[in-house]
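Here is a short report on salt bridges in one protein. Keep the sequence and the model side by side as you read.

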Amino acid sequence: MTNAPEEYAAAEAAAAVGAVIGRKPQPGRIYRKSVDARRRDAIKFVYTASAIGDFTASELERLSAAGIAPLEEGEPEEPHPGSEPLSGRPVIIGFGPAGMFCALALARRGYRPLVLERGYDVEERAAAVERFSSGGELDPECNVQFGAGGAGTFSDGKLVTRINDKLVRHVLHTFHRFGAPEVCRARGGEPVTIECGAVVVAAGHSARDVYHYLAGEGFSLETKPFSVGARIEHLREDVDRALYGRHAGDPRLGAAEYAYSKRWPDGSAVYTFCMCPGGEVIAAASEPGGVVVNGMSRSARDGVNSNAALVASVDPAPGSPLLAVEYQRQIERAAYLAGASGGEYFAPCQSVGDFIEKRSGKNPSRVLPTYRGGRVVLANLWDILPRDVCERMRAGIAEFGKKSRFFGMREALLTGVETRTSAPVRILRGEGFTAPGHGNVYPCGEGAGYAGGITSAAVDGLRGPWNEP
């Protein structure tokens with residue numbers, strides 16, 4: 001394995017810049033580190049690093065021709081008092097990533113936003129989630145979906161984003177340096193209910209009652225593509241060995257990660273999503289009588305299993321956008337009923353081998369389920385998920401198994417159901433980021449249909465008339 005120590009990467013970046021312009025600038029810092037494991041016999045670390053200096057226009061042109069671009073931090077402008085007249089302080093509904101960063105942007109401009117969150121603070125919320133994970137009752141007002149920080153509070157592994165936006169680095173720096181809740185409060189935000197002059201709707205993709213309320217109040221909603229499926233679990237050591245070969249277990253590499261996808265000519269797809277190395281499958285239900293799973297990784301990423309969502313795309317059904325919400329709900333209820341023989345909120349579970357053969361099969365042996373400490377029931381996911389979804393999932397297992405043998409191992413587990421990969425509904429917004437016909441209402445973030453994860457939701461929260469891109 002090629003060894004490129006981090007302490008030398010920035011110096012090497014400066015040397016690369018110097019080779020192009022004929023003089024060596026100062027080394028900057030490391031912005032990103034990744035692993036290139038395409039060749040198991042020659043695994044490499046790949047760094048993104050900066051070099052600092054004053055560059056002439058001619059030098060910048062030569063650097064651009066060499067594929068070296070100026071670094072855009074994307075920092076919002078310095079705080080200044082707001083000038084927009086409002087009848088009251090702006091209210092933000094939801095304190096996940098979109099709500100946090102929207103509150104931060106407004107507070108920096110002197111608007112003193114108020115934040116409404118249906119769940120509890122992080123400490124109380126963590127206790128409620130732990131009680132449910134250990135076999136206790138579901139709190140429909142405070143769970144993995146609802147509460148301070150949003151769904152990402154319980155995983156360190158969900159900050160990866162594919163959006164190309166200069167604000168991404170600002171979001172990541174803010175998470176790293178401060179922690180958004182403390183920043184917002186320090187600048188004048190507070191969670192409380194009060195009459196408002198403007199509303200930012202950043203309620204998240206599981207606040208289904210918000211969709212129903214908005215539809216009843218004449219807001220424009222539309223269906224959008226989403227996906228459903230299950231969580232697939234493998235032994236972490238199997239994944240590491242398959243992807244890293246003889247370097248598996250090297251502490252410099254950590255737990256291996258993967259991402260696979262397959263698309264058909266008609267636009268349908270199957271793919272892995274939110275891969276959690278060394279993680280666990282968690283209970284993510286937010287409504288009574290429904291089972292939902294998600295995944296998480298702790299910072300050490302040292303769990304016995306690794307997991308990922310294995311999901312297939314769903315074409316939005318014609319008609320009311322709320323039918324898409326009901327589509328998710330019906331699958332969740334079917335999963336609840338399938339697991340009911342074990343107890344409340346037991347999840348249906350099936351080995352990959354049995355899923356391929358469409359039978360419930362035998363109890364897990366080599367790969368053990370992590371959902372709620374093993375509170376699962378043997379079931380046939382073909383009886384729970386739509387047939388077309390299962391067909392694509394089975395095709396995906398076969399395809400991804402060709403790329404990495406571990407993926408199609410018969411002992412691997414599928415635990416269902418994963419239905420909350422993204423919002424099935426979009427709350428329309430027009431010029432000025434407002435909802436058409438509702439001038440002071442700003443749909444925002446993943447729940448509004450404008451983001452697909454923690455970082456992209458945070459970026460969307462920074463957008464708007466208070467922070468034009």
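Are E287 and R208 buried or exposed? E287 is buried, and R208 is buried too. Buried means under 20% relative accessible area, exposed means over 50%, and partly exposed lies in between (1.4 Å probe, protein chains only).

This is a predicted model, where local features need pLDDT of at least 70, side-chain atom pairs count only at pLDDT 80 or more, and totals for chains, interfaces and linings use all residues. Residues are numbered from 1 along each chain as its sequence is written, and side-chain values use heavy atoms, without hydrogens and water.

The protein has 12 helices and 18 strands. These are DSSP runs (helices: H or I, at least four residues; strands: E, at least two), numbered from the N terminus. Of its 469 residues, 50% are buried.

Side chains of opposite charge can pair when their charged atoms come close. A salt bridge puts a side-chain nitrogen of Lys or Arg within 4 Å of a carboxyl oxygen of Asp or Glu. The whole structure holds 26 salt bridges. Three of them are listed here.

| Salt bridge | N to O distance |
|---|---|
| E287 and R208 | 3.0 Å |
| R366 and D238 | 2.6 Å |
| R252 and D250 | 2.9 Å |

R366 sits in the loop between α10 (352-356) and β15 (376-378), and D238 in helix α8 (residues 236-244), so their pair ties together parts 128 residues apart in sequence. R366 is partly exposed at 39% relative accessibility. D238 is buried at 3%.

R252 is partly exposed at 37%, while D250 is buried at 17%.
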